[in-house]
Amino acid sequence: MRSLKKIFLAASLLFLGACGENSIFIPIPLTLNPLVLANPIAMVASNAAQRLYVVNSNNLVLWEDASFVILDISNPANPTPLAVISIPNFSGNILLDEARGFVYLPNRQSAAEADLIDQVLRIHINEASPTFLQVDFFDSGEDPFGGFFDGVDSLYVTASREALRYDVNNMLGFSKVDLSVTTAAGREIFADDTRELALSPSGNNLFVTNRTDNMLILNVNEMTPPTVAGVTDLGTEPVDYIVVGTNSTRGAARDSNFVYVVDGAPANLRILTDAGLTPVSGPPQEITTGSLQVAAIPIGNDPGEVIIDEPNARAYVSNTGDDTVSVIDLNLQAEITRIAVDNNLPVNSDPGDQPFPMAIANVGGGNFLYVGNFDSNNITVIDADALQVVFAFPDIEPDDEEDEKEDDDNDFSGEFSPGFTGGI
Amino acid sequence: MFRSFRRFRIALLALVLAAAASACTGNNEEDNLIFPAIVTIDSDLGRVFVIDNQDNGLNLVDANTDRVILFGKDDESLLNDEAPQLLPGFPSNGVAVSLSGGVSRLFVTGGGATATNQITVLDFDDVNLIRAAAFSPIAVAGANTDALVGLAVDAAVGLLFVSNATTGQVHVYNVNTGAEVADSPVAVGGIPGRMNFDPDSGLLAVSNAANTAVSLIDASDLASGAQTVDVGILTRDAALASNGAGTLLFVSGSQVNQARVFDLDLANLAASTQIFALNPNAPDQPIPDPNFVPGTINFVKAAPLSDGRLAAFFTLSTGDLLELDVSADLATVVPGITLVGAVSGEGLDYLQDANGNATKVYYASPGVGTLTIVNALDNQFIEQIP
């Protein structure tokens with residue numbers, strides 16, 4: 001039945017495009033009880049504030065608009081919704097700037113091929129501020145999805161064929177690097193589907209994942225921050241390396257030692273270092289994974305996101321096609337277990353389908369992993385110390401639940417995949 | 001109604017596939033290896049066991065013919081996702097030992113819905129096929145989230161070794177009874193990982209992800225505890241091989257992409273010397289060059305060869321096999337790579353002859369679902385099983 005729903009949704013989407021307006025859909029309910037999720041695509045937790053921030057992308061156009069949800073996780077096993085607001089459809093990542101009281105969301109509301117400007121949303125999350133939940137809009141490149149905030153003042157964003165750098169103190173302008181490069185060996189890189197990025201621990205290199213071609217590495221020192229409003233075009237010079245052997249890279253993260261990149265073909269988590277990289281002048285140089293990689297860890301089917309819990313030496317990867325989460329020990333650099341979100345669940349915990357975004361929180365001395373399920377529109381709560389699912393919320397419709405239990409083919413090729421721009 | 005529609009679609013698809021299969025009359029190759037990640041060989045009985053890292057997949061390959069042996073009226077793998085769940089949900093390591101009566105016993109660790117501090121024990125023979133041993137699983141002392149990473153056997157004495165990365169201990173069990181033996185566990189500290197047993201020296205080499213010491217445990221004297229060799233890097237795997245000229249320790253790095261070789265002074269381990277190191281290719285170096293390592297060095301097995309040399313075999317993340325061949329006098333190390341490009345390379349094991357010399361190396365590639373076979377003596381590619 002779920003497949004038929006998607007066919008219906010796809011047809012609706014086509015119809016929507018034909019109509020040129022989206023009034024046939026109703027607005028997403030902004031209720032706290034019941035809480036309504038719509039293709040959750042990004043999450044982040046604040047230990048200090050004991051909050052979980054959830055971005056609903058509405059990628060499958062279940063509603064007219066998307067939403068942003070704040071949950072209280074002071075009882076981490078059973079989060080309580082606190083606030084929900086409407087935001088434009090089709091956001092990608094969420095970047096937390098606790099010091100300034102903002103989260104940043106790359107957003108690609110516009111699906112029009114001719115529209116080359118999308119936006120970055122800035123949402124005020126300081127609950128004591130009169131501007132709490134205010135949403136600010138800033139110009140971006142075309143179809144931005146991934147983001148990385150350096151914790152100081154630089155926000156990096158990936159867009160189609162572009163990488164952007166903002167100074168979060170003044171987001172009216174951004175620097176732009178052209179990722180449509182030709183390597184020193186004469187090979188053109190297809191950069192339409194760049195996905196996410198991570199700044200290396202050295203601070204010198206920006207790893208940009210690419211769903212349909214090789215990953216790119218940018219020299220951050222040449223990717224200067226903007227000094228004026230509007231677009232500062234940096235051309236292709238900051239692109240230093242193309243990583244041969246990476247075929248479908250997706251999520252990216254880092255800790256104080258390495259960059260972690262999810263590769264879908266074959267499915268593995270690549271642990272990378274830029275220790276041997278030197279700046280390149282002129283066209284980017286092709287290098288292999290052997291020059292960067294310290295480990296490649298096999299994971300589950302159609303992996304999506306990676307999140308690092310450095311204090312506990314763990315990485316978690318959402319295996320979207322398997323409905324599992326891989327648990328990686330960062331000391332061993334090995335997968336130590338997988339946790340299913342669709343079976344072996346506690347009583348009254350609905351199954352999850354297509355786990356994608358994750359957030360880790362340490363509350364009251366306990367570690368909890370929150371997993372957003374893109375297709376079943378719920379969140380699975382995992383006790384990361386016991387490595388067990390403890391809860392899932394909100395309740396999903398009984399017929400959907402039945403579908404999730406039956407859905408054992410673990411194959412959504414041809415369906416809408418989280419982050420794909422093709423279906424939007 | 002929708003569910004019926006889905007079943008109809010599946011049935012229709014099955015019909016189409018069956019028709020296509022019948023049209024391909026010249027192709028008898030079955031694709032049995034789905035997510036192969038672990039290889040363990042019972043050389044005495046010529047059985048190569050290939051364990052998938054999910055979906056209860058287990059295949060048996062005949063070491064004489066290098067063909068997958070199929071079972072049942074539908075010619076299926078030894079275990080698969082439709083068979084009773086005998087393996088851990090997500091196997092991470094496995095080792096086989098030959099018992100009397102034509103029985104191969106498999107010890108498998110892994111994660112999933114069950115506790116991770118246990119070892120699944122399976123028995124296989126040609127008559128009864130596969131089943132859980134009477135004492136399976138072996139519960140290893142510790143918490144139910146402990147990570148059991150390394151597995152090795154001393155086939156001659158009948159000992160099973162398992163490293164608990166969480167507690168920093170190596171536990172030792174009797175392979176026949178599953179009982180923990182006297183003087184077990186042996187403390188090694190840090191985060192012990194993969195390990196290998198060398199029947200010639202009687203030593204177990206234990207890698208460590210938390211410090212640069214590789215632990216050596218004398219299987220005949222557990223009470224003496226572990227001795228260590230400082231290899232200068234954190235390690236992912238460690239293996240020993242011996243001949244008349246001495247004993248070599250081969251390690252693969254963790255956190256760094258390196259392989260190192262040490263000539264051990266067993267009377268004074270502190271006097272052991274590094275005789276070779278292989279570093280990854282420099283980023284700006286044109287490729288390939290003779291010593292080019294195209295991916296990450298993963299796991300290692302080491303063994304003597306029939307011509308007196310010693311050899312170590314390392315799987316690479318690119319699905320190629322790295323070999324370090326050491327001359328019989330241990331004076332020269334010659335690196336080589338069998339370029340296969342199987343996309344990924346994980347678990348490996350070698351088939352040995354009656355004298356314990358490696359003859360063929362088998363390694364698993366979960367990315368493309370293949371088992372690659374390489375001649376241990378000349379490092380030539382033999383074949384690949386889909």
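**Entry 1: the A–B contact.** I looked up the contact between the chains first: chain B puts in 43 residues and chain A 32 residues. I count two residues as in contact if their C-beta atoms, placed from the backbone, lie within 7 Å. On the side of chain B that touches chain A, the elements giving two or more residues are helix 1 (2-23) and strand 5 (90-99). Helix 1 of chain B gives the most to that side, with three residues. Helices (H or I, at least four residues) and strands (E, at least two) are DSSP runs, numbered from the N terminus. I then sorted the residues of that side of chain B and got 20 nonpolar, 18 polar and five charged. Ala, Val, Leu, Ile, Met, Phe, Trp, Tyr, Cys and Pro are taken as nonpolar, Asp, Glu, Lys and Arg as charged, and the others, Gly among them, as polar.

**Entry 2: what I am reading.** I note that this is a predicted model, in which local features need pLDDT of at least 70, side-chain atom pairs count only at pLDDT 80 or more, and totals for chains, interfaces and linings use all residues. Residues are numbered from 1 along each chain as its sequence is written, with chains lettered from A and ligands numbered from 1 in the order in which they are written.

**Entry 3: confidence in chain A.** I find an average pLDDT (the predictor's confidence in each residue, from 0 to 100) of 89 for chain A, with 87% of the residues at 70 or higher. In residues 406-416 of chain A the pLDDT is below 50, and this stretch has 15 contacts beyond near neighbours in sequence. Residues 420-424 of chain A also stay under 50, with seven contacts beyond four places in sequence.

**Entry 4: the two chains.** I list two helices and 30 strands for chain A, and one helix and 29 strands for chain B. Of the 424 residues in chain A, 57% are buried; of the 386 residues in chain B, 52% are. Buried means that 20 or more other C-beta atoms, placed from the backbone, lie within 10 Å of the residue's own. Among contacts in chain A between residues at least 6 apart in sequence, 53% join residues at least 24 apart.

**Entry 5: a sheet in chain B.** I traced an open sheet of four strands in the order 18-19-20-21, paired antiparallel; pairing takes at least two DSSP bridges between two strands. Strand 18 (235-243) and strand 21 (273-278) of chain B each have a single partner strand, so one side of each is left without a neighbour in the sheet. Six bridges join strand 19 (residues 246-253) to strand 20 (residues 259-264) of chain B. B:Thr247 stands opposite B:Leu264 in strand 20.

How values were computed
Buried ≥ 20, exposed ≤ 12 C-beta atoms within 10 Å, placed from the backbone.
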